[in-house]
Amino acid sequence: MIRPGNPAPERPSWQQENGQPRPEEEEAPRQPSAAERARTLVEGNPSLALAIPALRPAPAEPMVPLRCSVGPDGDVFLLFPRAAPAARAARHASDDEVPAVLEVTDVAPVAVPHRIRGRAWVAGWLTHVPGGGFEADAELLRLEPGEISVDDLWGAALVEPDEFAAAGPDPLAPFETDVLQHLAGSHPEEVALLCGLVGEPCVAGAAQAVPLALDRFGLRVRFTGAAGTYDARFDFPAPVEGPAAARRALRHLFASARA
């Protein structure tokens, strides 16, 4: 979908140069789609900021919504305080649409080198939803996507608005933080054993192993040592659809590492 003035999100220099270690595509044939990854970040990540390029004067602080959700048609709904610059801009635009970009930053919930796991952007047109605010002194805004992009541990990709609307968030996203923190805090020895499943690139210099990311397809671990930082992906035997199945898959994975 193309409109005059469609705001195109810029990629920061950290994405263009030395960023997160990433596997080659052929090393990870089973993975969430780009649309699913973007949808997961937008729906389940608290690190959100809205930018309105034409807003003058520019806000001194990031415009962070109180709430964020995605509707069945893929529109992103943002709840802002009534006095927020974003809410004022949408109200004053009347029937006009305000070009805007929502940026999502994904930060690993565990202490690990290169802690930012990725970012997603939803660029589109912002409108005010009359009577949509369900909290006192708050107003609901709708961001109609025109362009979506994601740049994360899997790589960079563009997502069509209809793909974004049809995708769903990863079913393990609500539980990922608790699981990763539990593994890092209570089972570091078992996580370190996974290094034996990788082979020489990991065994040669790994001194620390931290569970970095979890989704329905598997677990990603970041190994760090004198030789640098190395990510390894451990696929589950089959995609899982909830925390109970994920626990069984993780026990199977650790049993394989001990064997």
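Q: Let's begin with charged pairs. How many salt bridges does a search of the whole structure find?
A: The search turns up 14 salt bridges. Remember that this is a predicted model, so treat each distance below as a value computed from predicted atoms.

Q: Which residue meets Glu-43 in a salt bridge, and where do the two lie?
A: An α-helix has 3.6 residues a turn, so residues three or four places apart point the same way. Now the case: Glu-43 pairs with Arg-39, at 2.4 Å from N to O. Both sit in helix H2 (residues 34–44), 4 residues apart, which is about one turn of the helix.

Q: Are Glu-43 and Arg-39 buried or exposed, or in between?
A: Buried means under 20% relative accessible area. Arg-39 comes out at 8%, so Arg-39 is buried. Glu-43, at 32%, is partly exposed.

Q: What about salt bridges between distant parts of the chain? Where do Glu-139 and Arg-91 lie?
A: Start with the contact itself: the side chains of Glu-139 and Arg-91 meet in a salt bridge of 3.1 Å, N to O. The pair ties together distant parts of the chain, with Glu-139 in strand E6 (residues 138–152) and Arg-91 in helix H3 (residues 85–92), 48 residues apart. Glu-139 is buried at 6% relative accessibility, while Arg-91 is partly exposed at 26%.

Q: Which residue forms a salt bridge with Glu-190?
A: That's Arg-258, and the closest N and O atoms are 2.8 Å apart. This pair also links distant parts of the chain: Glu-190 belongs to helix H6 (residues 188–193) and Arg-258 to helix H8 (residues 243–258), 68 residues apart. Glu-190 is partly exposed at 23%, and Arg-258 is partly exposed at 48%.

Q: Which residues are linked in a network of salt bridges?
A: Glu-36, Asp-170 and Arg-216 are linked in such a network.

Q: Which residues of H8 are buried?
A: Ala-246, Ala-249, Leu-250, Leu-253, Phe-254 and Ala-257 are. Look down the axis of H8 and these buried residues fall within an arc of 135 degrees, so they line one face of the helix. On the other side of H8 you'll find Arg-248 and Arg-251, both exposed.

Q: What do the buried residues of H8 pack against?
A: They pack against H5, H6, strand E9 (218–225) and strand E10 (228–235).

Q: Glu-176 is a charged residue on the buried side. What does Glu-176 touch?
A: Glu-176 lies in helix H5 (residues 173–186) and is buried, with a relative accessible area of 11%. Leaving out residues up to four places away in sequence, Glu-176 touches Arg-117, Leu-212, Ala-213 and Leu-214.

Q: How far apart are Phe-175 and Leu-214 in space?
A: Their C-alpha atoms are 9.1 Å apart, though 39 residues separate the two in sequence. Phe-175 is in helix H5 and is partly exposed at 33%.

Q: Last one: in what sense do E9 and E10 pair?
A: They pair in the antiparallel sense, over 8 bridges. A hairpin of 2 residues joins E9 to E10.

Technical notes:
Residues numbered from 1 in each chain as written. Predicted model: local features only at pLDDT ≥ 70, side-chain atom pairs only at ≥ 80, totals over all residues. Heavy atoms only, no water. Salt bridge = Lys/Arg side-chain N within 4 Å of Asp/Glu carboxyl O. Buried < 20%, exposed > 50% of the residue type's maximum accessible area, 1.4 Å probe, protein only. Contact = heavy atoms within 4.5 Å. Arc of directions from axis to C-beta. Pairing = 2+ DSSP bridges.
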